[in-house]
Amino acid sequence: MSENVSTARRFNWPLWAGFLLTFLTFFSYFAVFVWYPVTRDFPWANLLLFAVAAVLLFVGVRRAFASDRRRSKIVAAIVTTLGVVVIAFFLFAYFVVGRWLPASTGAPQVGQKAPEFTLADTSGKQVSLNELLTTPINGNAPKGVLLIFYRGYW
Amino acid sequence: MCNSELRGIEQNIQQFNAQGIRPVAISVDSPETSRNLAQQAGYTITFLSDPNTEAIRRYDLVHAGAGEGGHDIARPAEFLIDSTGTVRWVNLTENYWVRARPEQILEVARLLK
């Protein structure tokens with residue numbers, strides 16, 4: 001009987017480790033993995049870590065429900081639900097929200113003439129596409145220009 | 001996120017220059033914002049400001065209302081344009097988190113005369 005009580009009161013480390021790992025994994029994409037194309041373009045590192053976290057949470061829930069303390073069962077249920085929400089939110093943000101981009105069917109295609117434009121550079125000077133294509137790079141005529149449209153820092 | 005892509009280009013700037021390719025980053029950011037970003041991150045590539053989405057509209061890249069305060073911004077996209085002004089390569093990513101890689105662009109750039 002006394003042994004039973006000590007087992008029940010034991011710290012449920014898999015549960016809390018799994019909980020912590022879900023949050024760390026979520027933020028690790030934006031802090032670390034986004035900087036490397038191999039982990040950015042498909043979040044396999046995050047999926048792997050989430051899988052480990054899910055196993056830990058599962059083990060934690062089993063431990064909690066094996067004990068006869070009601071409180072540890074409730075805590076395990078809440079913690080696991082939060083962990084699952086974090087994982088679901090990441091998957092939603094990556095695989096669903098990430099695809100909410102305009103189709104841009106009218107964008108210039110290969111073989112077409114690139115639309116001309118004139119825009120201000122960081123010093124406020126007006127620069128045209130034609131200038132970008134003709135201003136020498138290290139003393140040589142450019143072979144081309146790579147336009148990178150991005151959302152902005154705002 | 002966009003910074004991740006720009007950093008990749010910047011890290012390969014010597015190869016781009018050697019190939020005669022000039023990378024140019026375009027967004028709705030003001031010249032001051034772009035200047036600060038370039039200074040903080042150590043970017044040497046050209047930044048152009050398109051606050052009224054003139055070029056962004058001409059390239060059909062407007063992402064309506066997606067910016068802060070519901071402003072129109074550009075969706076991520078890359079174009080490689082040769083010296084005659086002809087588009088030689090386009091990347092319109094279908095997922096915000098997926099971007100063109102510098103190696104991939106340099107590969108195409110090698111084919112330009």
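From the N terminus on, the elements of chain A follow the order α-α-α-α-α-β-β-α-β, a total of six helices and three strands (DSSP runs numbered from the N terminus, helices being H or I of at least four residues and strands E of at least two). The radius of gyration of chain A, taken over C-alpha atoms, is 26 Å, well over the 15 Å that the globule rule (2.2 Å times the number of residues to the power 0.38) gives for 154 residues, so the chain is more spread out than a compact globule. Along its principal axes, the C-alpha trace of chain A spans about 85 × 35 × 25 Å. The model is predicted, and local features need pLDDT of at least 70, side-chain atom pairs count only at pLDDT 80 or more, and totals for chains, interfaces and linings use all residues. Residues are numbered from 1 along each chain as its sequence is written, while chains are lettered from A and ligands numbered from 1 in the order in which they are written.

Within chain A, helix H2 (residues 13–31) packs against helix H5 (residues 70–95) at an angle of about 20°, with the axes 10 Å apart (axes are lines fitted to C-alpha atoms, for helices over the stretch in contact, and angles run from 0 to 180 degrees between N-to-C directions). H2(A) is therefore roughly parallel to H5(A) (angles under 35 degrees count as roughly parallel, over 145 as roughly antiparallel, 65 to 115 as roughly perpendicular and the rest as oblique). Residues in this contact include Phe19(A) and Phe23(A) of H2(A) and Val79(A) and Leu82(A) of H5(A) (contact requires C-beta atoms, placed from the backbone, within 7 Å).

The axes of H2(A) and helix H4 (residues 44–66) of chain A come within 7 Å and cross at roughly 160°, which means that H2(A) is roughly antiparallel to H4(A). Among the residues of this contact are Leu21(A) and Tyr29(A) of H2(A), together with Phe50(A) and Arg63(A) of H4(A).

Between the chains, 69 residues of chain B are in contact with 48 residues of chain A. On the side of chain B that touches chain A, strand E1 (residues 21–27) of chain B gives the most, with seven residues. Strand E3 (residues 144–149) of chain A pairs with strand E5 (residues 77–82) of chain B in the antiparallel sense over six bridges (strands pair if DSSP finds at least two bridges between them). Opposite Phe79(B) in E5(B) stands Leu147(A).

Terms used
Contact = placed C-beta atoms within 7 Å.
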